[in-house]
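I opened my notebook to write down what I looked up in this model, one entry at a time.

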Amino acid sequence: MTGEKKMVLTRGLFKENPVFILMLGLCPTLGVSTQVINGLGMGAAVIFVLLFSNIFVSLLKNIIPNSVRIPSYIVIIAAFVTIVEMVMHAFLPSIYKALGIFLPLIVVNCIILGRAEAFANKNTIGDSILDALGMGVGFTLAVTLIALIREVFGSGTITLMPIGSFSGVIHIPLLYTYPVRIFSLAAGALLLMGYLKAFFSWYSSRKGGTQS
Amino acid sequence: MRQFTRTGITLALIAAVAATALAMINAVTAPKIAAYELQVIQQALTEVSGGYTVGSSTTQTQDDAVIEQYTLLDETENVAGYILQIIGSGYGGEMTIMASFTVDGEVIDARLLANAETPGLGKKAEVPSYMEKFIGTGASTPVPVKKDMLDKSDADSISGSTITFSGVAKSIALGSSYIKLLGGE
């Protein structure tokens, strides 16, 4: 893998993280990040949709007439979102219920349309796949990190998948008894987002980053 | 002109392919989703049954809001009450309420099923304990349909979701009077 290809894959993780640096898709990020499992579920859904929409947009970039490219992208994205929605409803009903309205709203998630418009329709399929994976994983990391902090402080628990005898919920001793409720509310999400954004800005400026 | 035709055909083709793919996936997932919905209803039925056996069900057509009626049987197979599935209207549109009543129209228990209420506010009505304020009402005491009919702590618990509360309460009150009309048959 050449350096440039590696850059396409890894820049979504940190340097151009869609949530912390590009500030895209904040609405679902703040909306579903109340429990870790919701963050992971949302991340998986976004990776899937982003991957396939990038592949198809890149494949069809020479066929789709320029004047109808946005409607075409929306049709492609909406189709994959509906697939995710139906599959989750059938096989993971509890996550489907928790994600609620944010699942269908992936259709208008700016990360996905943004990558289709800014990257996939100008680049090869291979690069588009790398870009989708990088951005998707970057989004998942960001939303899971926010969810982890919010859940640990806001409710004193970490909710994962129930496997066998493990109920899926880890209780954190002191915080479970005295949770900092603000973090599980909407105001706490915005507050935390502000802190994390400040941290990422400070970190990238300290590194003397080449860009913002 | 040719350019318009080409544009239109391309877009139509993309939409057609997408629709076909969705139809095929829907054929696989639809039965699973239906089975899950049924399981949710079964579980709610057991929860609200109050220890009675859930008997036969009949689909109701005489009242617009009541969609399904189940009989509740005691040990001697006598009708001890009814469970109703009622369509109410909440803040986010239609919601389904399942409530069980004795033959006198007294509320045994209730659950909020399918709904589109606001997470964190109206959605709280999904918690079983939300319905405690209705239990035992409907016969000698009226179903509380207004905030001032509740005591202080219950009234506080519905702050910010008054429309959801009034939707749930009206449905339960309607169910109660519906049962009274049946006259314990």
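Here are my notes, from the ground rules to the chains to single residues.

**Ground rules**

This is a predicted model, where local features need pLDDT of at least 70, side-chain atom pairs count only at pLDDT 80 or more, and totals for chains, interfaces and linings use all residues.

**Chain A, overall**

I started with the elements and found nine helices and two strands in chain A. Helices here are DSSP runs of H or I with at least four residues, strands are runs of E with at least two, and both are numbered from the N terminus. Read from the N terminus, the order is α-α-α-α-α-α-α-β-β-α-α.

Next I looked up the radius of gyration, which is taken over C-alpha atoms; the globule rule to hold against it is 2.2 Å times the number of residues to the power 0.38. For 212 residues a compact globule would come out near 17 Å, and chain A has 18 Å, which agrees. The C-alpha atoms of chain A fill a box of roughly 60 × 50 × 30 Å along the principal axes.

How much of chain A is buried? I got 45% of its 212 residues. Buried means under 20% relative accessible area, exposed means over 50%, and partly exposed is in between, with a 1.4 Å probe and protein chains only.

Then I checked contacts (heavy atoms within 4.5 Å). In chain A, of the contacts with a separation of 6 or more, 74% are between residues 24 or more positions apart.

**Chain B, overall**

Chain B has three helices and five strands. Its elements run α-β-β-β-β-β-α-α from the N terminus. Chain B has a radius of gyration of 22 Å, well over the 16 Å that the globule rule gives for 185 residues, so chain B is more spread out than a compact globule. Along the principal axes, its C-alpha trace spans about 75 × 40 × 25 Å.

Buried residues are 39% of the 185 in chain B. Of the contacts in chain B between residues at least 6 apart in sequence, 45% join residues at least 24 apart.

I also counted charges, with Lys and Arg as positive, Asp and Glu as negative, and His and the chain ends left out. I placed each charge at NZ of Lys, CZ of Arg, CG of Asp or CD of Glu. Chain B has 12 positive and 20 negative side chains, with the centres of the two sets 16 Å apart. For chain A, the mean positions of the 14 positive and 7 negative charges are 6 Å apart.

**Helix H3 of chain A**

I picked helix H3 of chain A, residues 36-59, which has 24 residues. The expected span of a helix is 1.5 Å times one less than its number of residues. H3(A) reaches 34 Å from its first C-alpha to its last, close to the 34 Å expected. Most of H3(A) is covered, with 17 of its 24 residues buried.

Asn38(A) sits in this helix. Is Asn38(A) buried or exposed? Its relative accessibility is 5%, so I wrote down buried. Not counting residues up to four places away in sequence, Asn38(A) touches Val32(A), Ala98(A) and Leu99(A).

Met23(A) is in the loop between helix H1 (3-10) and helix H2 (26-32). Its phi is near 55°, a positive value in a residue other than glycine. At 34% relative accessibility, Met23(A) counts as partly exposed.

Asp127(A) is in helix H7, residues 125-154. I noted it as buried because its relative accessible area is 14%. Leaving aside neighbours within four places in sequence, Asp127(A) is in contact with Lys5(A), Val8(A) and Phe119(A).

Ala15(B) lies in helix H1 of chain B, residues 2-48. With a relative accessible area of 34%, Ala15(B) is partly exposed.

Ala169(B) belongs to helix H3 of chain B, residues 162-182. At 0% relative accessibility, Ala169(B) counts as buried. Beyond its neighbours within four places in sequence, Ala169(B) is in contact with Phe134(B), Val143(B), Pro144(B) and Val145(B).

How values were computed: Residues are numbered from 1 along each chain as its sequence is written. Chains are lettered from A and ligands numbered from 1 in the order in which they are written. Side-chain values use heavy atoms; hydrogens and water are left out.
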